[in-house]
Amino acid sequence: MDTIALNDIARLNLSLTVVFLAIFQEGSVSRAARRLSLSQSALSGSLGRLRAITQDPLFVRRHGGMEPTP
């Protein structure tokens, strides 16, 4: 995996960090979206931006929810 460039880190913002933490804690995009009062589509879009910035899937779908990548 390539290292994250400094300009990519600058693209992170607090709302993307909140999205990451909500998915991590809830283990589900749907539950995280409800918790943050966002649509599932909006939350998925934010996750897509995080994945592009980090060049990592961050979470993978497993039976029973989303699991963080190593």
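Biologist: Helices here are DSSP runs of H or I with at least four residues, numbered from the N terminus. In which helix does serine 46 lie?

Modeller: This is a predicted model. Helix α4 covers residues 40-54. Serine 46 therefore belongs to such a run, and the helix asked for is α4.

Biologist: Is serine 46 buried or exposed?

Modeller: The cut-off for burial is under 20% relative accessible area. Serine 46 has 8% relative accessibility, so this residue counts as buried.

Biologist: Which side chain makes a polar contact with the side chain of serine 46, and which residues does serine 46 touch when those up to four places away in sequence are not counted?

Modeller: With those sequence neighbours set aside, serine 46 touches Leu16 and Val19. The polar contact, at 2.9 Å, is with the side chain of arginine 49.

Biologist: How many aromatic pairs does a search of the whole structure find, and how are the planes of phenylalanine 20 and phenylalanine 24 arranged?

Modeller: The search of the whole structure finds two aromatic pairs. For phenylalanine 20 and phenylalanine 24, the ring centres are 6.3 Å apart and the planes lie at 15°. Planes under 30 degrees apart count as stacked, so this pair is stacked.

Biologist: What separates phenylalanine 20 and phenylalanine 24 along helix α2?

Modeller: Both residues lie in helix α2, residues 14-26. They are four residues apart, and the separation is therefore about one helical turn.

Biologist: Which parts does the pair of phenylalanine 20 and phenylalanine 59 tie together?

Modeller: This aromatic pair is tilted, with 5.2 Å centre to centre and 40° between the planes. Its members are 39 residues apart in sequence. Because phenylalanine 59 lies in strand β1 (residues 59-62), the parts tied together are helix α2 and strand β1.

Biologist: Is phenylalanine 59 buried or exposed, and which residues form one aromatic cluster?

Modeller: Phenylalanine 59 has 2% relative accessibility and so counts as buried. Phenylalanine 20, at 28%, counts as partly exposed, and phenylalanine 24, at 48%, is also partly exposed. The cluster consists of Phe20, Phe24 and Phe59.

Biologist: Within what arc do the buried residues of α2 fall, seen down its axis?

Modeller: The buried residues in α2 are Leu16, Val19, Ala22 and Ile23. Seen down the axis, they line one face of the helix, because they fall within an arc of 120°.

Biologist: What covers the buried residues of α2?

Modeller: Leu14 and Gln25, on the other side of α2, are exposed. The cover of the buried residues includes α3, α4, β1 and β2.

Notes: Residues are numbered from 1 along each chain as its sequence is written. This is a predicted model: local features need pLDDT of at least 70, side-chain atom pairs count only at pLDDT 80 or more; totals for chains, interfaces and linings use all residues. Side-chain values use heavy atoms; hydrogens and water are left out. Helices (H or I, at least four residues) and strands (E, at least two) are DSSP runs, numbered from the N terminus. Buried means under 20% relative accessible area, exposed over 50%, partly exposed in between (1.4 Å probe, protein chains only). A polar contact is a pair of N or O atoms within 3.5 Å; within protein, one must be able to donate a hydrogen and the other to accept it, and residues adjacent in sequence count only if both atoms are side-chain atoms. Contact means heavy atoms within 4.5 Å. Rings of Phe, Tyr and Trp (its six-membered ring) pair if their centres lie within 6.5 Å; planes under 30 degrees apart count as stacked, over 60 as edge-to-face and the rest as tilted. The arc is that of the directions from the helix axis to the C-beta atoms.
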